[in-house]
Structure formats: C-alpha cells, structure tokens
Amino acid sequence: MASEADIESTIISLLGKVDAGKTIAPMDVAVALSSKDEKEWRKLMTPIKLAAKRLAISGQIELMRHSKQVPVEELKGLYRMRLPQNAA
C-alpha cells in the first residue's frame with residue numbers, strides 16, 4: 001500500500017500535469033499508484049480522501065464538487081481536486 005507521502009506527492013504531481021483550473025478524480029490517483037485493476041485501486045480510495053483533506057487544509061489543493069469548491073468539513077460523496085486558482 002502507498003504511504004501518505006506517496007499519495008500526497010502523486011496528487012500534486014498529477015495536478016501539475018493538467019491545465020490550470022482543471023481537476024483530477026481520486027480514481028486517477030489510485031490508478032497512478034497501483035494499477036487499472038479495480039480491486040487494487042479501490043483499496044486506496046479512503047487513504048486518498050484523507051490525503052486530499054490534508055492537502056486542502058494546508059492550502060495546497062482545492063476540493064471540488066459540481067464545479068464549486070467544497071470546504072473540507074463538508075466533504076462527502078463524490079469530489080474532484082484542483083490546484084488553488086490563485087496559484088494558476
């Protein structure tokens with residue numbers, strides 16, 4: 001299983017490869033860290049969500065739902081991640 005640091009660095013790395021303002025899904029991170037085998041990447045979904053929350057709290061990423069930023073404390077269900085707009 002990937003470490004917290006591996007997950008966080010993969011999130012930041014993948015976000016650095018998309019156009020400004022664009023988002024990535026947690027599944028993108030999971031597949032990058034494991035494989036396209038759903039049984040393998042599904043195991044990473046909870047650790048990825050926790051890493052995303054840590055990165056959002058530290059201001060390194062924004063959590064998005066329906067093209068709107070979601071506060072960490074309101075995060076539930078489906079979400080996407082992007083780099084902060086002021087960093088673009």
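Start with alanine 2, which lies in the segment before H1. This is a predicted model. Setting aside residues up to four places away in sequence, alanine 2 touches Ile7, Leu33 and Leu44. Now look across to isoleucine 48. Alanine 2 and isoleucine 48 are 46 residues apart along the chain. Their C-alpha atoms are separated by 9.6 Å.

Nonpolar side chains in soluble globular proteins tend to be buried together. Here the largest nonpolar core has 21 residues. The members that touch the most others are Ile11, Val29, Ile48, Ile61, Leu63, Tyr79 and Met81. H4 supplies the largest share, 5 residues.

Take isoleucine 11 as an example. Which residues is isoleucine 11 in contact with, leaving aside its neighbours within four places in sequence? They are Ile24, Val29, Ile48, Ala51, Ala52, Leu55, Ile61 and Met81.

Next comes the sheet. Strands of a sheet pair through backbone hydrogen bonds, either parallel or antiparallel. Strand E1 (residues 62-65) runs antiparallel to E2, and 2 bridges join them. Find methionine 64 and look across: glutamine 69 in E2 stands opposite.

Definitions and conventions
Residues numbered from 1 in each chain as written. Predicted model: local features only at pLDDT ≥ 70, side-chain atom pairs only at ≥ 80, totals over all residues. Heavy atoms only, no water. Core = buried A, V, L, I, M, F, W, Y, C linked by side-chain atoms within 4.5 Å. Buried < 20%, exposed > 50% of the residue type's maximum accessible area, 1.4 Å probe, protein only. Helix = DSSP H or I, 4+ residues; strand = E, 2+ residues; numbered from the N terminus. Contact = heavy atoms within 4.5 Å. Pairing = 2+ DSSP bridges.
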